[in-house]
Protein chains: 2
Amino acid sequence: VSEAVFAIDIGGTQLRAAIIGRDGQIIAKQASRTHAQGGREAILVQITDLCRGLRAAHHSQTIIACGIACPGPLDSGTGVVLNAPNFRDFTDVPLRDEIAKRLSLPTRLENDGIAAAIGEWKHGAGLGSDHLVFLTISTGIGGGVIADGRVLRGRRGMAAHIGHLITDPASGLRCPCGAIGCFEALACGPALERRLRANKPLCAAIGKPEPDARDLFRMARAGDPEAVALVDQEADYLALGITSALHAYSPERVLIGGGVGSNLPQMLDRMRAGIARTAMPHFRDVPVMPAALGDNAGLVGAAALAFDPTI
Amino acid sequence: VSEAVFAIDIGGTQLRAAIIGRDGQIIAKQASRTHAQGGREAILVQITDLCRGLRAAHHSQTIIACGIACPGPLDSGTGVVLNAPNFRDFTDVPLRDEIAKRLSLPTRLENDGIAAAIGEWKHGAGLGSDHLVFLTISTGIGGGVIADGRVLRGRRGMAAHIGHLITDPASGLRCPCGAIGCFEALACGPALERRLRANKPLCAAIGKPEPDARDLFRMARAGDPEAVALVDQEADYLALGITSALHAYSPERVLIGGGVGSNLPQMLDRMRAGIARTAMPHFRDVPVMPAALGDNAGLVGAAALAFDPTI
């Protein structure tokens with residue numbers, strides 16, 4: 001019998017649970033569609049059901065704790081989700097203590113961006129680094145920061161909302177958070193897809209009325225000049241936000257994950273040129289590189305938190 | 001005989017040295033005009049001369065260490081000034097070790113914004129707080145961050161360059177760092193004064209061809225509508241940068257120092273309204289308040305570093 005933990009990653013579409021070992025290896029994983037509109041009790045039941053299902057199928061593991069990654073803002077100190085805008089009736093939810101009680105396990109709760117940063121730091125592309133910025137470029141832009149060998153948390157654990165650095169207010173682009181010109185409003189997947197869908201000739205060339213980011217990156221790889229221009233613009237926006245993150249945190253590495261972020265190799269040359277234009281000279285050589293754990297970063301980070309109370 | 005330290009603050013115009021006690025009290029202080037164009041040796045000699053003058057006049061103190069605050073970027077880990085753009089021949093200067101050797105004292109070197117943040121944290125308006133953002137709004141915009149009860153340093157100690165968060169690239173305003181639309185480029189004293197001097201009727205009302213920020217704030221207090229509009233615009237720019245800092249670091253307090261910053265009370269209502277428009281709800285109630293130590297924050301912080309190697 002070896003020791004393991006439950007890790008939960010509450011996403012806007014998928015709710016995932018896993019049993020994970022001390023080495024960060026995923027022993028078993030289950031997912032179901034998040035009951036986003038079911039209210040808080042529905043999500044609590046969903047989490048405990050997934051965990052009980054995993055436990056029943058994996059008797060050989062002794063589960064010693066639970067870690068949860070959840071969209072913020074949340075207070076990781078008190079374990080309370082302050083507000084999860086994509087979930088109905090999910091304001092001021094004492095998620096950590098509710099799950100701890102229902103599973104009878106010591107439980108930690110962390111912002112999903114920070115949890116993913118921890119996953120990459122402990123078991124992914126950030127291994128061995130004391131200064132790290134992780135960004136997930138997806139439906140939103142989430143982030144987490146390791147600085148001076150520790151997780152940057154701040155008041156109520158709400159630091160590293162890098163997606164909400166004010167980056168281009170003149171763009172007029174409204175962020176889901178309500179502000180105008182946040183990094184997320186410029187560069188998240190839906191913003192990119194809006195620009196794509198506004199380009200009718202490109203949509204026609206793709207042959208879909210509602211093409212997505214994947215279609216765009218494919219067309220750009222095939223050399224379509226309109227697609228290349230949109231990908232270049234995305235790279236320019238990412239360069240602005242990454243420059244701010246370099247100056248804010250001075251990381252040794254910037255790790256990029258998420259659906260849009262998975263196309264990093266296609267954007268990297270253009271992004272590096274943008275960073276060289278806007279970052280101060282001593283920040284320009286910081287590597288920007290793909291995250292290693294993909295969709296599992298949040299789960300692996302939640303597990304690391306569950307194993308190690310000092311993180 | 002009581003223990004004290006030397007504190008040095010190397011400014012673009014004034015080079016200041018002080019003897020400071022463990023309680024942060026300034027026992028003696030001397031200043032001279034910075035030999036900015038004299039090259040590195042001139043500045044090294046100037047520092048040691050000021051310190052020797054102070055020591056000669058204050059025999060009752062045992063000087064046990066030295067702390068230096070200097071404009072960055074600098075590497076506080078190795079004690080090397082990477083580049084101080086306002087000083088001639090001041091690139092890759094091992095300032096810490098040079099001063100340690102010449103004074104025969106253990107010496108620390110810190111970025112002036114971070115040193116001032118430490119001063120306010122240990123002996124000023126940040127006392128008792130674990131999460132703090134300090135901003136000096138002056139010729140430039142400098143900053144320092146305390147997070148989770150520690151100084152945020154990052155790779156080479158270069159974190160917290162808050163003045164160089166990309167804040168409004170569409171403004172076309174070029175920052176001294178070379179980038180366009182940095183927070184500093186929008187909101188530093190010289191940017192404000194350029195806007196003031198471009199307003200000919202306001203300059204005529206002030207009665208000077210080259211009025212400065214002090215004249216502007218005075219005219220605004222007197223109710224001049226053109227002056228009020230410029231002060232409001234400054235408050236709006238500050239709100240953008242402070243919003244980004246709230247989201248980046250999640251401080252408990254934001255402390256504002258510097259020449260322009262000393263007019264905070266006159267800008268605070270407008271700034272708070274701007275922050276309420278752009279910050280996420282759970283960040284809006286963070287107090288923005290005047291720093292307490294004025295020009296001495298950097299000296300007091302440098303002294304705290306000299307006394308306590310764990311900071």
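1. In chain B, B:E234 and B:R195 form a salt bridge whose closest N and O atoms are 2.9 Å apart. A salt bridge here is a side-chain nitrogen of Lys or Arg within 4 Å of a carboxyl oxygen of Asp or Glu. The pair links distant parts of the chain, 39 residues apart: B:E234 belongs to helix α8 (residues 225-249) of chain B and B:R195 to helix α5 (residues 189-197) of chain B. Helices (H or I, at least four residues) and strands (E, at least two) are DSSP runs, numbered from the N terminus.

2. The model is predicted: local features need pLDDT of at least 70 and side-chain atom pairs count only at pLDDT 80 or more, whereas totals for chains, interfaces and linings use all residues. Residues are numbered from 1 along each chain as its sequence is written, chains are lettered from A and ligands numbered from 1 in the order in which they are written, and side-chain values use heavy atoms, with hydrogens and water left out.

3. Are the two partners in chain B buried or exposed? B:E234 is buried because its relative accessible area is 0%, and B:R195 is buried with a relative accessible area of 16%. Buried means under 20% relative accessible area, exposed over 50%, and partly exposed in between (1.4 Å probe, protein chains only).

4. In chain A, A:R195 forms a salt bridge with A:E234, the closest N and O atoms being 2.9 Å apart. This pair also links distant parts of its chain, with A:R195 in helix α5 (residues 189-197) of chain A and A:E234 in helix α8 (residues 225-249) of chain A, 39 residues apart. A:R195 counts as buried because its relative accessibility is 16%, and A:E234 is buried at 0%.

5. A further salt bridge joins A:E110 to A:R153, with 2.9 Å between the closest N and O atoms. A:E110 lies in strand β8 (residues 107-111) of chain A, while A:R153 lies in the loop between β11 (150-151) and α4 (183-187) of chain A, so that distant parts of the chain, 43 residues apart, are linked. Both A:E110 and A:R153 are buried.

6. How many salt bridges does the structure hold over all chains? The total is 34.

7. Chain A can be laid on chain B with an RMSD of 0.0 Å by a turn of 180 degrees and a shift of 0.0 Å along the axis. Copies are superposed by least squares on the C-alpha atoms of residues with pLDDT of at least 70 in both. That is the relation of a two-fold axis.
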